Each structure stands twice: as C-alpha cells, then as structure tokens.
Amino acid sequence: MADTLIKVDLNQPATSNENVHNRWHPDIPMATWVKPGDDFILETYDWTGGFIKNNDSADDVRDVDLSTVHYLSGPVGVETAEPGDLLVVDLLDVGAKDESQWGFNGFFSKNNGGGFLTDHFPDAQKSIWDFKGMFTSSRHVPGVEYAGLIHPGLIGCLPDHKLLAEWNERELGLIATEPDRVPPLANPPFAKTAHMGKMKGEARDKAAAEGARTVPPREHGGNCDIKDLSRGSRIFFPVYVKGAGLSVGDLHFSQGDGEITFCGAIEMAGWVHMRVSVIKGGMATYGIKNPIFKPSPITPNYKDYLIFEGISVDEKGKQHYLDVNVAYRQACLNAIEYLKKFGYSGSQAYSILGTAPVQGHISGVVDIPNSCATLWLPTEIFNFDINPSSAGPVVQNFKGIDMPISPDRKK
Ligand code: ZN
C-alpha cells in the first residue's frame with residue numbers, strides 16, 4: 001500500500017494540523033515532497049474541518065463561519081516541477097475515512113452564504129447521507145439510493161505572487177461594485193481565520209492578510225466542483241511555483257452538476273490516493289491556461305433520465321438575454337416542482353438535485369433571446385416510478401420525514 005503522507009485526526013481541530021491550510025498563497029511551505037512517478041495517499045478533513053455534525057439539527061449549517069473554509073491537505077511539492085510545466089495527477093482512488101462513513105448536504109441561510117436557489121430556500125437546512133460501500137441513502141430524503149461518483153471538489157497548485165495579486169485585484173474590484181450585497185459578490189482575503197500550514201511569525205501574518213480565499217475556481221483549478229473529476233481521472237494542472245504545491249480537499253461522495261445546494265454536494269472527510277508526474281514546459285506546448293482532464297473509466301451506469309428544460313426567462317417572467325445561469329435555475333425549479341407531486345418537500349427535491357449524479361447541460365446559447373439549459377435527472381436512483389403517465393403520480397408516503405431546518409435567530 002502507498003504511504004499516507006498527510007494524516008488528519010478528525011478528533012483534533014483542523015487548525016492544529018500544520019499539513020493543512022485554508023488560503024492560497026505562494027509562500028505556504030510544502031507539507032511534504034514527492035518525486036515524479038510516486039504514488040501516495042493524502043487524508044483530508046471535510047471542507048468545514050468537521051464543523052457539521054451527523055445529527056438532526058441544521059443549527060451548525062446556519063452558524064458555520066464560512067471564512068474558515070476550505071481545509072486543504074498539502075501543499076505537496078513535486079521534485080523537478082517548475083513554473084510553466086504541467087503537473088499530471090492521476091486520481092487512483094478516493095474514499096471516505098473508515099471512522100466516518102457518512103456525509104452531509106445542506107443549504108446555507110441566505111444571510112450566511114446562500115446558494116443557487118437561496119431566494120426560494122432562504123433558511124439553513126441539512127440532510128445526512130450514510131454510505132454503504134459504494135451506495136448512499138439518507139434518513140432525511142427517502143425514496144432514493146445511488147452509487148457514489150466520488151471526487152475531490154477542490155484540487156489545484158499554488159499560485160505565484162503575480163497570479164495571486166491578479167486574483168485579489170479583480171475580485172476586490174467586483175466586490176467594490178456592490179459592497180453591501182447579501183450574499184456578497186466575492187470573498188476578500190481575511191486574516192483572522194486564515195490557517196497557513198507551517199507558516200509562523202511575521203511572514204505568516206503578511207501571507208494571511210493577502211492569501212486568496214478558496215471558494216472560487218480559478219486558473220489553477222481550485223474549487224471547481226466538477227463531479228466528473230472522479231476517482232480514475234487524470235488531471236493536467238498548470239504549475240506556477242517551484243515544486244508545484246499540490247493541495248486537495250472538499251471531498252464529495254456524490255454531487256449533481258452545478259453543486260447547486262452550495263453546502264454542498266455530499267461532503268465528507270476522506271483520503272485521496274494519487275500519482276504525479278511532470279510534463280516539462282507543458283503550459284506553452286499545449287496552450288494551457290486552465291486545467292484539462294480525462295474522465296474515469298468507471299462511473300455510475302445510469303442510462304435513463306427525465307430531462308427538464310429551462311429557458312432564460314426568470315420566475316417573475318422577466319426576459320433575460322441568453323443567460324445560462326437563469327436558464328439552469330429554471331430547469332432546476334421545474335424539476336423540484338415535478339418531484340413535489342410525488343410527495344417530496346421542495347427541500348428534499350432540492351437536496352436530490354444537489355447530491356445525486358444529475359447532469360446539467362448548456363443546450364443552446366445562440367437562439368436569441370433565450371438560452372436553453374437542461375437538467376438530467378436519473379430515473380433509476382428512485383425506488384418508485386417517476387415517469388409521467390396518464391394515471392398520474394403515485395404519491396409516496398413520506399409524511400413526518402423531512403430535512404431539519406434552522407431559521408435565523410431574531411437579531
Ligand atoms: Zn464541497
């Protein structure tokens with residue numbers, strides 16, 4: 001078995017682990033070094049560092065301090081890797097920690113993070129998903145069970161100083177256009193809750209004040225939340241610093257395209273077994289600005305879907321011009337309304353769309369004024385028939401079963 005180069009103890013705070021960090025900064029020292037061709041295992045916390053618990057209250061989802069995320073394992077230095085190279089990462093396998101065979105999904109309060117459908121689901125809610133081998137099901141969302149498409153939501157290499165400065169400049173510029181927006185347009189650096197790995201003293205404080213937050217995907221990859229970046233896939237990352245500095249975290253047991261619920265997919269603590277190699281000068285050779293990847297040879301084999309269309313006309317009937325975001329939102333809302341006819345609450349339906357291997361497609365972007373997005377719902381994950389028929393939906397008896405909800409406390 002490969003060596004486990006980074007271990008995490010789920011009974012200890014993530015901030016006590018020097019091989020973990022929650023900001024992107026070129027000065028974070030490598031946690032460990034490997035050679036091209038090596039395979040090794042990194043353990044990871046869930047993205048919140050264990051804040052969300054396996055219980056029947058959404059208070060933790062409501063109260064979580066989002067300035068603390070994401071807790072990433074690394075950076076791993078790769079010998080011979082230099083700026084301009086491509087780092088090749090094979091995700092040989094990904095799994096949940098033995099002592100933690102469960103994950104969570106939830107919706108943040110609109111006042112603390114929000115989500116894709118936050119105007120429709122403004123309160124914190126949570127569902128817990130149990131793992132049985134490669135399958136998952138939830139005591140809060142009955143009637144579905146499906147195979148995990150296990151993947152890291154977040155993986156990438158350290159930026160150099162120039163790239164970090166670009167990120168901060170453009171994101172602070174965006175925030176300045178509407179500084180009081182709730183939820184905010186972006187998250188600026190925030191030193192108070194930065195965890196900078198092994199860094200200490202003044203150098204640490206300086207880096208903490210300028211380190212990029214981990215929420216958005218960027219040129220280096222990062223928090224892309226691509227469900228198809230699953231175990232068995234091969235990724236080619238741009239390298240910006242000597243040694244590359246590969247970090248990974250935010251493992252998902254399963255996720256629908258878009259990770260629409262934001263808190264998040266089925267989030268879990270776990271481990272990643274990976275192998276690395278280097279393509280010298282690969283960024284220029286292949287014109288690479290953002291990572292590219294090859295999919296896994298093994299994915300859940302759902303073949304039958306019910307596909308919901310959405311167009312860029314919003315809930316109030318307002319016409320938008322080729323807006324794919326609006327169109328995908330309509331496809332999601334259409335699927336939720338449909339599933340409610342079978343006995344689900346809107347929250348349960350939303351949770352299914354955020355966690356199951358749902359596909360999202362940009363179907364048309366030229367037919368002015370409407371773009372068309374489609375949401376592909378696998379029918380085989382349900383233990384009853386969800387197809388339309390002239391007999392009408394067979395309403396399931398889900399009474400008394402729902403996701404815990406924790407409305408904001410009165411201020
Ligand atoms: Zn996640």
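Start by selecting Lys162, which is exposed, with a relative accessible area of 63%. (Exposed means over 50% relative accessible area, buried under 20%, and partly exposed in between, using a 1.4 Å probe and protein chains only.) Before you click on: this is a predicted model, where local features need pLDDT of at least 70 and side-chain atom pairs count only at pLDDT 80 or more, while totals for chains, interfaces and linings use all residues. Residues are numbered from 1 along each chain as its sequence is written, and side-chain values use heavy atoms, leaving out hydrogens and water.

Glu166 is partly exposed at 35% relative accessibility, and Lys162 makes a salt bridge with Glu166, with 3.8 Å between the closest N and O atoms. (A salt bridge here is a side-chain nitrogen of Lys or Arg within 4 Å of a carboxyl oxygen of Asp or Glu.) Both residues sit in helix H2, residues 161-177, and they are 4 residues apart, about one turn of the helix. (Helices are DSSP runs of H or I with at least four residues, strands are runs of E with at least two, and both are numbered from the N terminus.)

Next stop: Glu315 and Arg329. Their salt bridge has its closest N and O atoms 2.9 Å apart. This pair links distant parts of the chain, 14 residues apart: Glu315 is in the loop between strand S19 (305-311) and helix H5 (324-340), and Arg329 is in helix H5. Glu315 is partly exposed at 35%, whereas Arg329 is buried at 18%.

Zoom in on Arg62 and Asp63, whose side chains meet in a salt bridge at 2.8 Å, N to O. Arg62 is buried, with a relative accessible area of 10%, but Asp63 is partly exposed at 35%.

How many salt bridges does a search of the whole structure find? The count is 23.

For the last stop, select Asp3, in the segment before strand S1 (4-6). Asp3 is exposed, at 55% relative accessibility.
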